[in-house]
Structure formats: C-alpha cells, structure tokens
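Subject: Structure for you to look at

Hello,

Here is the structure I promised to pass on. Please open it alongside this email.

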Amino acid sequence: MMNIGLLAVDSNYPNIALMKISAWHKLQGDNVEWYNPFTHYDKVYMAKVFSFTEDYIQYITNTDCVEKGGTGYDIGKNLPEVIDRMQPDYSMYPSIDQKTAYGFLTRGCPNRCKWCIVPRKEGKIQPYMDVEEIAINGRNNLILMDNNVLASDYGLEQIEKIVRMKLRVDFNQALDARLVTDDIAKLLAKVKWIKRIRFGCDTPGQIAECERATSLIDKYGYKGEYFFYCILLEDFKESFNRVNHWRNKGRRFLPHAQPYRDLDNPRQIIPQWQKDVAGWADKKWIFRTCEFKDFEPRKGFKCKEYL
Ligand code: SF4
C-alpha cells in the first residue's frame with residue numbers, strides 16, 4: 001500500500017485530474033490525502049492550473065517521488081489513459097455537493113483564437129465522454145467544461161441526451177454564439193440550465209452574434225440569464241465598448257471581463273485599465289449600479305479619465 005499526497009498549488013476550484021488520480025490510487029488500495037508537510041509519502045502529485053501564479057515555494061522532502069501536472073507546469077502533459085478514464089473521487093472535496101458532477105463531453109476546439117491555449121493544449125475537437133459516465137450516483141447537476149461543445153456533432157447529440165435525461169447543466173467555459181442555428185437555439189431552450197447560458201464575446205463581431213443567438217433562444221422560451229465572457233485585449237475603447245454593451249440590455253445579460261493572459265510571458269504586466277474594467281464589470285452590484293465613468297477604483301481616481 002502506498003501513501004499518496006495531493007497538492008493543488010494554485011486553485012481551490014475542484015481539480016478533476018487530482019480527483020481521478022485519487023480514485024485510481026484508492027482502487028489500488030493506496031491511502032490518498034491532501035498533502036501536508038509532516039507525513040511521509042511514497043508519491044506526491046502537484047497540480048498547477050495557471051502559468052502566471054506562484055509555484056509552491058517550499059522544497060518538498062517528505063516524499064520519495066513528486067509528479068507535477070497541469071497547464072501551469074506543462075501544457076503538453078496528459079493523465080495516463082487508465083487514470084483519465086476513472087470517475088473523479090468527489091470525496092476529496094467535501095464542499096462539492098452530492099448532486100454535482102464535473103466533466104467534459106468533448107475535448108479541444110476547431111478554432112484558433114490567438115489568445116487561447118485550448119487548441120495548443122487539446123488539439124482539434126473530439127468526443128471524450130458520454131454524459132451518462134459523468135452523471136453518476138444521482139449527480140444530476142453537471143458542470144461541463146467543454147471549450148466549444150456546439151462545434152461537435154457528438155456534442156450536440158450529448159446535449160439532446162441531456163434534455164432527455166432531464167439533467168441540469170452549466171457549460172462553464174461558454175458556448176460559441178456563431179454556431180447557434182435555429183435548431184440549436186430550440187435545443188438550448190429545452191435544456192435545464194444551472195443559473196445561466198454562457199457565451200464567449202471576445203471580438204466586436206461576437207456582440208452581434210451573441211445578440212442574434214440570445215434572441216433566437218429567447219424566441220423558443222428561455223427566460224433565464226445570459227453571461228458573456230469578454231476578453232480584454234490591447235484596445236481599451238474596443239474592449240470597454242464590448243463589455244459596456246451588455247449594461248444597457250438589462251438584468252438578464254451579464255458580462256464578465258477577463259484581462260488577457262500571455263501564457264508564454266510569466267512577467268506580463270496586466271494594464272491598469274484592464275484591472276479597472278474587470279473590477280467594475282465583474283462585481284455585479286457595482287456594474288448594475290454605477291456607470292464606468294463614475295467608478296472610483298482608487299481614492300481620487302474616477303474611470304472617466306480613461307474615456
Ligand atoms: S473558440 Fe474558444 S476554445 Fe476555441 S480557440 Fe477560440 S477561445 Fe479557445
């Protein structure tokens with residue numbers, strides 16, 4: 001029996017890879033726990049999600065072997081197939097409720113947006129899992145992390161299955177509005193969404209596509225919320241207008257501003273205007289009550305100076 005330590009270096013968000021590693025080791029009869037510096041381990045798995053976060057600073061000596069993984073260490077490294085096929089060991093995260101499951105139906109994306117790591121990391125889109133493999137043991141609320149599920153016929157079939165099985169879902173990495181046809185809008189309106197439908201709104205052209213997609217879905221009876229991931233690129237005016245566009249649409253439409261992260265440049269400095277746009281848009285109560293020009297992120301500085 002081995003003693004296994006798991007260490008999530010930079011994120012408290014449930015880490016599916018670590019949960020699968022845990023499941024696989026427990027199947028071998030090993031003991032698995034969150035890493036602590038006072039126990040001796042046969043193996044410690046370290047997972048790092050982001051390249052721009054701090055690494056674990058202490059040198060780890062209380063283990064015979066360390067295995068590092070995750071995009072923050074190496075974008076080319078994947079779990080071995082036998083581990084990847086495991087069901088996540090949800091018991092590692094007591095905060096995940098008994099009705100929630102995490103997973104992917106597809107991996108990859110056919111597009112190549114210049115700010116995005118997915119095509120480099122996962123390649124072209126391909127089927128990955130069946131929704132029945134994810135919705136296990138009565139876990140009927142699914143957090144699905146597909147990057148572009150609508151770009152895959154298999155993905156669309158899976159969404160039909162989700163409707164038939166009456167599962168609740170959140171595609172938390174967003175859908176691509178350009179791919180929403182009339183038929184797809186009808187299908188999406190039938191899905192039981194956890195809280196909201198998310199779209200990417202990363203370019204000026206995507207505003208019109210998001211408008212088109214959301215009104216089609218509304219036409220088929222959807223009454224819930226929409227959420228728009230808006231990447232902040234070089235151009236303040238363009239980025240700001242794209243985020244601000246959704247402010248006039250009312251309560252059902254909520255943008256989320258994300259400063260661009262250059263994964264090849266760990267020393268990248270996020271411009272102050274991007275921090276301020278995100279600080280304004282990403283706090284719902286500020287965004288709803290205050291125009292950007294009146295937002296005062298620091299004493300004596302109002303954002304109207306940017307405009
Ligand atoms: S469509 Fe989305 S997942 Fe695909 S490359 Fe662009 S940003 Fe990345």
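My notes on the chain follow, from the overall fold down to single residues.

This is a predicted model: local features need pLDDT of at least 70, side-chain atom pairs count only at pLDDT 80 or more, and totals for chains, interfaces and linings use all residues. Residues are numbered from 1 along each chain as its sequence is written.

Overall fold. The chain holds 10 helices and 13 strands. Both are DSSP runs, numbered from the N terminus: helices are H or I with at least four residues, strands are E with at least two. The C-alpha atoms fill a box of roughly 60 × 50 × 30 Å along the principal axes. Of the 307 residues, 33% are buried. Buried means 20 or more other C-beta atoms within 10 Å of the residue's own; exposed means 12 or fewer; partly exposed is in between, with C-beta atoms placed from the backbone. Among contacts between residues at least 6 apart in sequence, 70% join residues at least 24 apart. A contact needs C-beta atoms, placed from the backbone, within 7 Å.

Domains. Domain 1 is 1-91 and domain 2 is 92-306. The bounds come from an automatic or database domain assignment. The two centres, taken over C-alpha atoms, are 28 Å apart. At the interface, 14 residues of domain 1 are in contact with 11 residues of domain 2. The domain 1 side divides into 8 nonpolar, 5 polar and 1 charged. Here Ala, Val, Leu, Ile, Met, Phe, Trp, Tyr, Cys and Pro count as nonpolar, Asp, Glu, Lys and Arg as charged, and the others, Gly among them, as polar.

Helix α1. Gly-29 follows α1, with a positive phi near 85 degrees.

Ligand shell. Around the ligand are Cys-109, Asn-111, Arg-112, Cys-113, Cys-116, Val-118, Pro-119, Asn-147, Asn-148, Asp-176 and Gly-200. The cut-off is a C-beta atom, placed from the backbone, within 6 Å. The shell divides into 5 nonpolar, 4 polar and 2 charged.

Single residues. Tyr-226 lies in strand β12 (residues 225-232). Tyr-226 is buried, because 23 other C-beta atoms lie within 10 Å. Beyond four places in sequence, its contacts include Arg-196, Phe-199, Thr-214 and Phe-253.

Two lysines have a positive phi. Lys-166 is at about 55 degrees, in the loop between α5 (153-164) and β9 (168-171). Lys-166 is exposed, with 9 other C-beta atoms within 10 Å. Lys-195 has phi near 75 degrees and sits in the loop between β10 (192-193) and β11 (196-200). Lys-195 counts as exposed, with 11 C-beta neighbours inside 10 Å.

Best wishes

Methods
Contact = placed C-beta atoms within 7 Å.
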